[in-house]
Amino acid sequence: MTAIYASGYAKLNLYLNVLGKREDGYHNIESVMQTISLRDDMEIIVGTGEPWLIDSDRDDVPRNEENICWKAAELFFQKTHIDPNGLTVHILKRIPMGAGMAGGSTDAAALLRALDVYYGKPLSLDELCLLGAKVGSDVPFCILGGTAITEERGDKLFPILHDPQLFYVICKPEASLSTKEMYDLLDRDGIPPCSDTKKLVNGIRNHNVQQIAKNLYNVFEPLAVRQEPEIAKIKQQMKQYGALNAMMTGSGSAVFGLFESPDDAFKACEKLSKKYPETFLATNHIDED
Ligand code: ATP
């Protein structure tokens, strides 16, 4: 029996547009995703000799087969023909759920990476990403991490170098939003025209924080504000407390404020957390591996 430890990092969508619905029912998206330092921690025990078990410190995280990590592990052991002789995964959950921060996907990605390292890398990074895409569209990005333009279902990735450290305050209102319902609303209402990722990506490449801030975008945000007006209030407070700009991430409901100064970010986080318990301070996270 061996315990291994892994962390799954949350993502933010600095830019998110939907291009249209595909024949397979998924949507093609165009996004710029960013890994941040907010993370879940996992204890993974292999060789327990017992039936598989997945649980968490948070009661609303699905257990066992319902947890996205179960399918990821099943696919990994099928593909590699390895018998783990029992698997237990304990998830210490910090990433808010139903927030648009890929909390489930990043746990699955961290588990896949950890198992691959533990068993001597039977799968390449590309193979792991292909496997991850079968579990969820955000899983390949979560496996690679960093900053990337993502296309198609979100599983076609173009990494971008993002050096300067930026600070994010993330604040989730009490209500969560369902990704499926948000896509249904978008299909019903139609996709509004918008500019592409070029200005944002140039801002990232040129380390121009003002240009990054000015070009944050999320196609779901106006729809989400109609469902949950608190999102607009949080955005407004982020700016009042010094954010260069603020935007919803993914299909909501979390909002992030972008700060250049850690001091401003810290103070904004303190103020917002008085009203919203799920408020966090984070930076962009770069994997050292
Ligand atoms: P995304 O940004 O990928 O759209 P999200 O951040 O909005 O996702 P998640 O936190 O990933 O949402 O949770 C969505 C649902 O996935 C949860 O309500 C939960 O039922 C299910 N789920 C399965 N496994 C996990 C997990 N390990 N952690 C969190 N949620 C999980």
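Me: Which domains does the domain assignment of the chain give?
Reply: This is a predicted model, in which local features need pLDDT of at least 70, side-chain atom pairs count only at pLDDT 80 or more, and totals for chains, interfaces and linings use all residues. Residues are numbered from 1 along each chain as its sequence is written, and side-chain values use heavy atoms, with hydrogens and water left out. Domain bounds come from an automatic or database domain assignment. That assignment gives domain 1 (2–159) and domain 2 (167–283).

Me: How many residues of domain 1 are in contact with domain 2?
Reply: The C-alpha centres of the domains, domain 1 and domain 2, lie 23 Å apart. Contact means heavy atoms within 4.5 Å. On the side of domain 2, 34 residues take part, and the number from domain 1 is 30.

Me: Where does the largest pocket lie?
Reply: A pocket is found on a 1 Å grid over the protein atoms alone, as an open set of points where a 1.4 Å probe fits, with protein on both sides within 12 Å along at least five of seven lines; lining residues have an atom within 4 Å of a point. Its lining has 43 residues, and Ser105, Ser137, Asp138, Thr179 and Ser251 lie nearest the centre. Because both domains give residues to this lining, the largest pocket lies between domain 1 and domain 2.

Me: Which element gives the most residues to the lining of the largest pocket?
Reply: Helices (H or I, at least four residues) and strands (E, at least two) are DSSP runs, numbered from the N terminus. E1, E2, H2, H3 and helix H5 (179–189) each supply at least two lining residues. The one that gives the most, with five residues, is H5.

Me: Which residues have the most contacts inside the largest nonpolar core?
Reply: A nonpolar core is a set of buried Ala, Val, Leu, Ile, Met, Phe, Trp, Tyr and Cys residues joined through side-chain atoms within 4.5 Å. Buried means under 20% relative accessible area, exposed over 50%, and partly exposed in between, with a 1.4 Å probe and protein chains only. The largest core has 32 residues, and those with the most contacts inside it are Met42, Ile44, Phe76, Val89, Leu111, Leu112 and Leu115.

Me: What does Leu111 contact, leaving aside its neighbours within four places in sequence?
Reply: Strand E2 (27–46), helix H1 (68–80), strand E4 (87–92) and helix H2 (103–118) are among the elements that each supply at least two residues of the core. With those sequence neighbours left aside, the contacts of Leu111 are Met42, Ile44, Cys69, Ala73 and Val89.

Me: Is His285 buried or exposed?
Reply: His285 lies in the segment after strand E11 (279–283). Not counting residues up to four places away in sequence, His285 touches Tyr9, Gln34, Thr35, Ile36, Ser37 and Gly146. Its relative accessible area is 15%, so His285 is buried.

Me: What is the relative accessibility of Tyr9?
Reply: Tyr9 is in strand E1. Among the residues that Tyr9 touches, beyond four places away in sequence, are Ile95, Thr106 and His285. Tyr9 counts as partly exposed, because its relative accessibility is 22%.

Me: Which residues does a cis peptide bond join?
Reply: Ser253, one of the two, is in the loop between strand E9 (245–248) and strand E10 (255–259). Omega is about 10° for this bond, which joins Gly252 and Ser253.
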